[in-house]
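Hi,

Here is the structure I said I would pass on. Have a look at it first, and my notes follow below.

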Amino acid sequence: MEATTKQLAFPFEVFEEEIANPMKGIQLTETEAFVASLLLEASSEKPMKTDDISKAIKNGLNIDVSYRELKKVIRALRRNHAFPILSRRSKPAGLWWCQSISEMKDFARLWQSQYYDEMTTLWLMMKHNYPRLAGQLRISDIPSRNGGKNEKQS
Amino acid sequence: MQKQIKTQKQQEIVSNLVNQFGIDGERILFLNSRDENDPWIPPSVLEQIARQMEGYRSSSVQHDKFIPQTSQTVYLATVTDSLDRVFTRSGVATVGEINNVLDEIDTDYLAMGRALSAALNAAGFNPVKAIKTVNFRDEAENERRLRPILRTKDLKQIHAMATEKGLMFGDDKTAYRAWLFENFGVRTAAILDAQTRSRVINLLRNYDPFLNEVSAEFREDAMYA
């Protein structure tokens with residue numbers, strides 16, 4: 001049976017480990033450390049909304065962070081430091097540190113379904129438009145030697 | 001009764017102690033000629049503060065000796081925390097040391113306060129370090145605002161001190177985690193609140209790898225050598 005017990009100390013251990021020995025030798029920036037530390041108080045049941053995170057950064061660090069910039073910070077935490085910070089668009093929406101394998105699996109399923117959805121959309125767009133864009137002309141489009149267009153041959 | 005005139009910084013320290021612990025600020029004095037912002041807190045008030053700090057169990061103060069050659073009186077204070085760890089420190093005062101402050105401060109009382117303060121500090125209960133010194137009306141809101149910053153700052157300080165004391169060697173944090181678990185029941189300081197992290201820092205400051213790791217037999221040999 002898969003372990004679903006929440007490991008409450010897990011996010012704190014990961015955070016402290018990265019403070020002491022950064023994974024890629026890249027120290028957390030002040031904003032990244034602030035956001036990561038702030039999110040330690042969130043959970044799957046009570047995630048933190050991006051608006052609230054931006055407000056907290058303004059109050060704590062006196063820095064204005066746009067939604068786009070905040071997304072970059074979260075991406076850096078995930079990519080450069082491998083912090084398991086999960087997110088959800090449906091209610092309750094927000095971000096939090098992963099605390100169990102089941103949370104990670106649910107998140108992975110959600111991201112996978114988003115990925116497949118986007119890839120499917122891309123494939124449909126490419127299938128319909130790519131040949132034409134790649135220069136595969138219809139015979140009627142080819143100009144004849146005398147200047148007129150050739151008739152379409154069946 | 002003569003009152004000590006306090007500087008603005010000293011008044012701020014007293015106000016913060018009063019706001020944090022609900023004590024009588026009039027009884028706090030500044031008697032340290034080497035550090036004018038180091039408060040002397042009466043033993044009874046120190047106990048009042050300590051009882052509000054997590055992990056504190058009990059304390060006692062007793063007279064140790066009087067040294068006639070130097071006219072000094074020595075008191076011993078013992079603090080016991082919730083994990084039954086005992087910390088004993090001494091406090092000394094010289095007869096006639098304080099000659100222009102409150103009449104109620106006699107030599108014995110001064111030495112008692114110093115002994116208890118030293119013992120509480122050794123046990124990780126330092127009331128001055130535990131207070132918040134910013135002037136915000138909503139203390140809870142301010143604490144929430146600064147919590148992420150303080151956590152990172154404290155962790156960096158703890159790691160630096162743990163490395164200095166030999167509990168951390170680069171990536172090897174085995175001894176550090178064991179020390180944390182033994183003293184605070186956790187394997188990461190990040191999960192502790194600000195007050196407990198302050199105790200971690202205090203304990204690390206007073207941690208002596210030689211005294212704590214070397215057996216009594218070897219220590220005695222080293223002393224004779």
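K72(A) is exposed, at a relative accessible area of 57%. You will find K72(A) in helix α4 of chain A, which covers residues 67-79. On the surface, K72(A) gathers with R68(A), K71(A) and R89(A) in a patch of positive charge. Do keep in mind that this is a predicted model.

Next, the salt bridges. How many turn up over all chains? A search of the whole structure gives 12. Here are some of them.

One pairs the side chains of R151(B) and E41(A), at 3.8 Å from N to O. R151(B) sits in helix α5 of chain B (residues 139-164), while E41(A) belongs to the loop between α2 (30-39) and α3 (50-61) of chain A, so this pair joins two chains. As for burial, R151(B) has a relative accessible area of 5%, and because buried means under 20%, it counts as buried. E41(A), with a relative accessible area of 36%, is partly exposed.

Another salt bridge links D64(A) and K58(A), with 3.6 Å between the closest N and O atoms. Is D64(A) buried or exposed? D64(A) counts as exposed, at 61% relative accessibility. K58(A) has a relative accessible area of 34%, which makes it partly exposed.

Over in chain B, D154(B) forms a salt bridge with K153(B), and here the closest N and O atoms are 3.7 Å apart. D154(B) counts as buried at 8% relative accessibility, whereas K153(B), at 47%, counts as partly exposed. There is a network too: salt bridges with shared partners join E16(A), E17(A), K173(B) and R177(B).

Last, a helix in chain B. Which residues of helix α2 (residues 43-50) of chain B are buried? They are P43(B), V45(B), L46(B), I49(B) and A50(B). Around the axis these residues cover an arc of only 160°, so they lie on the same side of α2(B).

Cheers

Conventions. Residues numbered from 1 in each chain as written. Chains lettered and ligands numbered in written order. Predicted model: local features only at pLDDT ≥ 70, side-chain atom pairs only at ≥ 80, totals over all residues. Heavy atoms only, no water. Patch = residues over 30% accessible without salt bridge, like charges linked within 9 Å, V, L, I, M, F, W, Y side chains within 5 Å. Areas by Shrake-Rupley, 256 points an atom, 1.4 Å probe, with all protein chains shown as cover. Salt bridge = Lys/Arg side-chain N within 4 Å of Asp/Glu carboxyl O. Lys, Arg positive; Asp, Glu negative; His and termini not counted. Charge placed at Lys NZ, Arg CZ, Asp CG, Glu CD. Helix = DSSP H or I, 4+ residues; strand = E, 2+ residues; numbered from the N terminus. Buried < 20%, exposed > 50% of the residue type's maximum accessible area, 1.4 Å probe, protein only. Arc of directions from axis to C-beta.
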